Amino acid sequence: MDRMKRIPIKEQAPEVRAKNFEEVCLGYTEEEAVKEASRCLNCKNPQCVTKCPVSIDIPGFIQHVKNREFEEAAKVIAKYSSLPAVCGRVCPQEVQCESKCVLGIKGEPVAIGKLERFVADWSREHNVNLSETKPKNGKRVAVIGSGPAGLTCAGDLAKEGYDVTIFEALHKAGGVLVYGIPEFRLPKDTVVKHEIENVKKLGVKIETNVIIGRTITVDQLLQEENFDAVFIGSGAGLPKFMGIPGENLNGVFSANEFLTRNNLMKAFKEEYATPIKVGKKVAVVGGGNVAMDAARTALRLGAEVHIVYRRSEAELPARVEEVHHAKEEGVIFDLLTNPVEIIGDENGWVKGMKCVKMELGEADESGRRRPVAIEGSEFILDVDTVIMSLGTSPNPLIYTTTEGLKINNRKCILADEETAVTSKERVYAGGDAVTGAATVILAMGAGKKAAKAIDEMLKNK
Amino acid sequence: MFKIVEKRQLAPQIFLMDIEAPRVAKSAKPGQFVIIRLDEEGERIPLTICDYDIEKGTVTIVIQAIGCSTRKLMDYEKGDFIYDFVGPLGQASEFIHEEIEELKKKNILFVAGGVGTAPVYPQVKWLNKHGVKADVIIGARTKELLILEEEMKEVAGNVYPATDDGTYGFNGRVTDLILDLVNKQGKKYDLVVAIGPMIMMKFVCKVTEELGIKTIVSLNPIMVDGTGMCGACRVTVGGKTYFACVDGPEFDGHKVDFDEAMRRSAMYKKEEQECMNK
């Protein structure tokens, strides 16, 4: 075996998976996982751990895998993360743990994400009990939002003996894990549901259908329902539109709407009542992971799909793996292209999108080269559906209804990055609600820090 | 799970239900709505709040069987459960933030069309509780479809029923009745609140614009989450895009792009028809 080379992982063939919603990556077998784990050098000073936002003892769990002690491996991960089956699948490991793996200097880094996923899947299939908690301490914490930040914060506090209730606005817990990321990347009924069940097994209560700011306010939680502290992990779910003519035509959707219909409401399944519209030719505007998810979903619903992005391939914010998968499945990339108008037919349905060609100019403050429209380059992309995937911002519902909760100029809740402390006493916040749209694992890291800060505050009270 | 504690038929295909939802009942205000989901395979549909009782912890909804989900809900009985019931959603009616003394000086006319009478009721009731008597037009296609007249009489100033076919009350459309009240009977109104089918609201706004009366409408676009995360319910008001679920559902009727709103409402007509034929 070549130590510098990864054990390859099986995937559904592109032409097959482009027609179903089954998971693309099939995961390691026990043999493959043990082999891949044996590549790890078990560094004395492991750099991989420093780049994991929840600081998982990576060499620790990998050594257990190498020794076929899968249950022990699961227990090591459980000390740090409540959502390993999710993170093993959706974390951008190439810029986190795996980016610092020593083997990566000369060869391919250890497949840490795939090994984490293997351990999590194995422990689910073998019903490993990971729900050890300290005795109840009688203190109550309310967590707003059941996405990655909220689930992590709630899980960590429950382990410390707190009585935790999560309030979720939608009818299912999981946040972006259930409404945003599609089945073919993150299976809902097996993976997501099981990890949420694990959080519940720690004693965490989840109340769905409660909208903070409408059904009840943060102030009421503290004053009337006697919670000792509140953690806000409400995410960034408000979609952006371009503000170009024709955006309200029939057939134009936000990626959030399109993905919610398909993932949360299961519109792709015959027996579910929620309808979904996907035309013959779809343009997805944007280049992030959400754009890839929307494009690959539309493809699976039978459309020809174009990604329309104003910069070039090198600037695509989506993970390289996702772009690669999308291309393999047949998504067409129209790069350096920017929509200026959506054109409707006589009944108000989309019949085309006017675009301009772009070129890259000077670098802006963020270091990325700014795209500039090429004069006279207008052309019509002949599409009947447009999905806008331009990013999201935090929902104003909570901060507009909470006395003394401050926000920054990007309408994100103002909170200390290390302690999650907000401008309001006993109220903490983290994840996308504070940073704006980011990643699952960063939200989990924020939930973890908040749990620690809440624990310290309440212990000293 | 949310229990149906009362069910009553108001008209053919129109039912009233009291749902046990204490958190929603406690926070509900006139003008707001809820979203419900019947079962695991169900879709999320918005329904206006008709009444709420904090002591009993119940919220009253009125449903007309016009689509797949509402038709299915009609068969639910007292004691049955629906999976999800979330709210209250949207902004409360603007007038609840006004000074009561200022409100008392105003003459307000509500124009309710069909099942739109249900969301008018809590607004008129709220005003009555604060010493303001509003006039109400209740319009329907025909006599047997006219709902909540007795309930409305208890809380309103004058109640004017109207039927398109003249089988009861005023003979004609609600717009004709508005003109009749103002031009022939010499009524003066400072504010009109119109809630009903989109086409009715559009024509009420045309009439009140000519009469120079400020008009509020409650829009009912397609919704999914109802919390502002998808924009399915976006509407154009005064040239700007708003999400009806968080910015509304009530807007200045004279600024609403009704033609766009009606076109967007028909987006899933084909799918809805297929579902009804199943």
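**Where the chains meet**

Between the two chains, the contact draws on 45 residues from chain A and 42 residues from chain B. Please keep in mind that this is a predicted model. How much area is buried between chain A and chain B? The figure is about 3600 Å², and carbon and sulfur atoms give 50% of it. On the chain A side, N209(A), R214(A) and N248(A) supply 20% of the area buried against chain B, more than any other three residues.

Chain A and chain B share five salt bridges, and 26 residue pairs are in polar contact, with both residues at pLDDT 80 or more. Which elements of chain A give two or more residues to the side that touches chain B? They are β5 (238-239), β6 (252-254) and α13 (255-264) of chain A. Helix α13(A) gives the most, with four residues. Sorted by class, the side of chain A that touches chain B has 20 nonpolar, 14 polar and 11 charged residues.

**Inside chain B: two domains**

Chain B is divided into domain 1, covering 2-89, and domain 2, covering 94-218. Their contact takes 16 residues from domain 1 of chain B and 14 residues from domain 2 of chain B. The C-alpha centres of the two domains lie 24 Å apart.

What area do these domains of chain B bury between them? It comes to about 1300 Å², with 69% of it on carbon and sulfur atoms. In domain 1 of chain B, the residues that lose the most area to domain 2 are P12(B), P30(B) and C50(B), which together account for 34% of what that side buries.

Between domain 1 and domain 2 of chain B there are two salt bridges, along with one residue pair in polar contact, both residues being at pLDDT 80 or more. On the side of domain 1 of chain B that touches domain 2, strands β1 (2-11), β2 (14-20), β4 (45-53) and β5 (58-64) of chain B each supply at least two residues. The largest share, five residues, comes from β4(B). By class, this side of domain 1 of chain B has 10 nonpolar, three polar and three charged residues.

**Salt bridges**

Side chains of opposite charge can pair when their charged atoms come close. Over all chains, the structure holds 59 salt bridges. Here are some of them, with N to O distances.

| Salt bridge | N to O distance |
|---|---|
| R8(B) and E151(B) | 3.6 Å |
| E224(A) and K26(B) | 2.9 Å |
| R296(A) and E322(A) | 2.8 Å |

The pair of R296(A) and E322(A) has its closest N and O atoms 2.8 Å apart. This pair links distant parts of the chain: R296(A) sits in helix α14 (residues 289-300) of chain A and E322(A) in helix α15 (residues 320-329) of chain A, 26 residues apart.

**Aromatic pairs**

A pair of aromatic rings is described by the distance of the centres and the angle of the planes. The count over all chains comes to nine aromatic pairs. Why is the pair of F21(A) and F184(A) described as tilted? The ring centres are 6.3 Å apart and the planes stand at 40°, so the pair is tilted; planes under 30 degrees apart would count as stacked and those over 60 as edge-to-face. F21(A) lies in the loop between α1 (14-17) and α2 (30-37) of chain A, and F184(A) in the loop between α10 (176-179) and α11 (188-201) of chain A, so the pair ties together parts that are 163 residues apart in sequence.

**Backbone details**

Which residues of chain B are joined by a cis peptide bond with omega of about -5°? They are G87(B) and P88(B), and P88(B) lies in strand β7 (residues 84-89) of chain B. A cis peptide bond also joins G248(B) and P249(B), with omega of about 10°. P249(B) is placed in the loop between α8 (244-247) and β16 (250-252) of chain B.

In chain A, K411(A) has a positive phi of about 65° although it is not a glycine. K411(A) is found in the loop between β15 (392-393) and β16 (427-429) of chain A.

Terms used: Residues numbered from 1 in each chain as written. Chains lettered and ligands numbered in written order. Predicted model: local features only at pLDDT ≥ 70, side-chain atom pairs only at ≥ 80, totals over all residues. Heavy atoms only, no water. Domains from an automatic or database assignment. Contact = heavy atoms within 4.5 Å. Buried area = accessible area lost by both parts, 1.4 Å probe. Salt bridge = Lys/Arg side-chain N within 4 Å of Asp/Glu carboxyl O. Polar contact = N/O pair within 3.5 Å; in protein donor to acceptor, adjacent residues only side chain to side chain. Nonpolar A, V, L, I, M, F, W, Y, C, P; charged D, E, K, R; others polar. Phe/Tyr/Trp six-rings, centres within 6.5 Å; stacked < 30°, edge-to-face > 60°.
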